[in-house]
Amino acid sequence: MGYETESKIKRKEIVTKKFVFKAPKIAELKQRSIIGCSSTTNNNNCRSDHTDDVQEYRTRVEAVSAFIWKRFIDVDQAKEGAVASAARVYVGSHAVNMRTRIVPPLPTNSIGNMYCAAIALSIINGNPENDQDKEDHQYSNLVGKVRDAIRKIDSDHVRELQTTDALLNSMKPIEEGVSSGQTQLLTFSSWCRFPIYEADFGWGKPIWVSTATLPFKNVVVFMDTRTGDGIEAWVNMNKEDMSELERDDELHAFVS
């Protein structure tokens, strides 16, 4: 049996806002994730055999998406109240290009939506005194969850998707949780490093490129800034949630 996708990304009163992360702020986020990992014990998401390797694992997309995911979680927790009546599951879903992960790999310019969702989870049980709750959605831990979810989309995973019902089986619990209101889904798609600013249709290269407004709830699209070292995060949320997000001081400290 399949599942309904309409409740996963709802279409109602959606607004789109652009938040720009400049290179120095992205570097600061990367550094924050490293400091968080070095000060956290018994954390599989941060563990590395070589301390120097930790930094290379944190790409700018991982750093920024985990930051937005954390702001999303904290805003939702504040909205729901300090103590929730039941556990709340937060899903960070990243669209991962499967072209290079298929064996044999597909051409990079092959047409079609050849992607798989990398699913990262953070569970908060509603007890503000619960140390596990606090640790699970620390920024450094969320970065690790994002990184690990993306790295799991390898050739073995793709082969499993081709031969089993793994995709359907993984998505059904999320759909059920979203439908019940227990699960909050935030979906990311990165267009970074696409040669968008190299496009020339005869009247010169573009000065600025943007994505269109998307009529979907809780979707974030990343695009390079014109300089190539920053990220424009195009965030689509319902009107009430966006209003709360825009008042978040932590977010304003990192965006322009």
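Analyst: Buried means under 20% relative accessible area, exposed means over 50%, and partly exposed is in between (1.4 Å probe, protein chains only). By that rule Lys70 is buried, because its relative accessible area is 18%.

This is a predicted model, so local features need pLDDT of at least 70 and side-chain atom pairs count only at pLDDT 80 or more, while totals for chains, interfaces and linings use all residues. Numbering starts from 1 along each chain as its sequence is written, and side-chain values use heavy atoms, with hydrogens and water left out.

The part to follow is helix α3, residues 60–80. Helices (H or I, at least four residues) and strands (E, at least two) are DSSP runs, numbered from the N terminus. The protein chain has nine helices and six strands. Of its 256 residues, 43% count as buried.

Start with the nonpolar core. The term means a set of buried Ala, Val, Leu, Ile, Met, Phe, Trp, Tyr and Cys residues joined through side-chain atoms within 4.5 Å. The largest one has 44 residues. Helix α3 gives the most to this core, with ten residues. Phe21, Ile68, Trp69 and Phe222 have the most contacts inside the core.

Look at Phe21 next. A contact means heavy atoms within 4.5 Å. Leaving out residues up to four places away in sequence, Phe21 touches Val64, Phe67 and Ile68, among others. Its contacts also include Gly230, Ile231 and Ala233. Further ones are Leu251, Phe254 and Val255. Across the protein chain, 73% of the contacts with a separation of 6 or more join residues 24 or more positions apart.

Now the aromatic rings. Rings of Phe, Tyr and Trp (its six-membered ring) pair if their centres lie within 6.5 Å; planes under 30 degrees apart count as stacked, over 60 as edge-to-face and the rest as tilted. By this rule there are seven aromatic pairs. One of them is Phe72 with Tyr90. The pair is edge-to-face, at 6.4 Å centre to centre with 90 degrees between the planes. Phe72 lies in helix α3 and Tyr90 in strand β2 (residues 88–97), so the pair ties together parts 18 residues apart in sequence. Both Phe72 and Tyr90 are buried. Phe21 returns here as well: with Phe67, Tyr139 and Phe254 it forms one aromatic cluster.

Charged side chains come next. A salt bridge is a side-chain nitrogen of Lys or Arg within 4 Å of a carboxyl oxygen of Asp or Glu. The structure holds twelve salt bridges. One joins Arg60 and Asp224, at 2.4 Å from N to O. Arg60 lies in helix α3 and Asp224 in strand β5 (residues 219–224), so this pair ties together parts that are 164 residues apart in sequence. Both Arg60 and Asp224 are buried.

Another salt bridge stays inside the helix. Lys70 pairs with Asp74, with the closest N and O atoms 3.2 Å apart. Both residues lie in helix α3, four residues apart, about one turn of the helix.

Compare a salt bridge elsewhere. Lys17 meets Glu246, with the closest N and O atoms 3.9 Å apart. Lys17 sits in strand β1 (residues 14–21) and Glu246 in helix α8 (residues 239–246), 229 residues apart. Lys17 is partly exposed, with a relative accessible area of 33%. Glu246 is partly exposed too, at 31%.

Finally, take the strands. Two strands pair if DSSP finds at least two bridges between them. Strand β6 pairs with β1 in the antiparallel sense over eight bridges. There, Ala233 of β6 is the bridge partner of Phe19. Strand β6 also pairs with β5 in the antiparallel sense, over six bridges. In this case Trp234 of β6 is the bridge partner of Val221. β5 and β6 form a hairpin with six residues between them, and Gly228 in the turn has a positive phi of about 90 degrees.

Strand β6 (residues 231–238) has eight of its eight residues buried, so it is largely enclosed by the rest of the structure. Both faces are covered. Ile231, Ala233, Val235 and Met237 are buried on one side, and Glu232, Trp234, Asn236 and Asn238 on the other.
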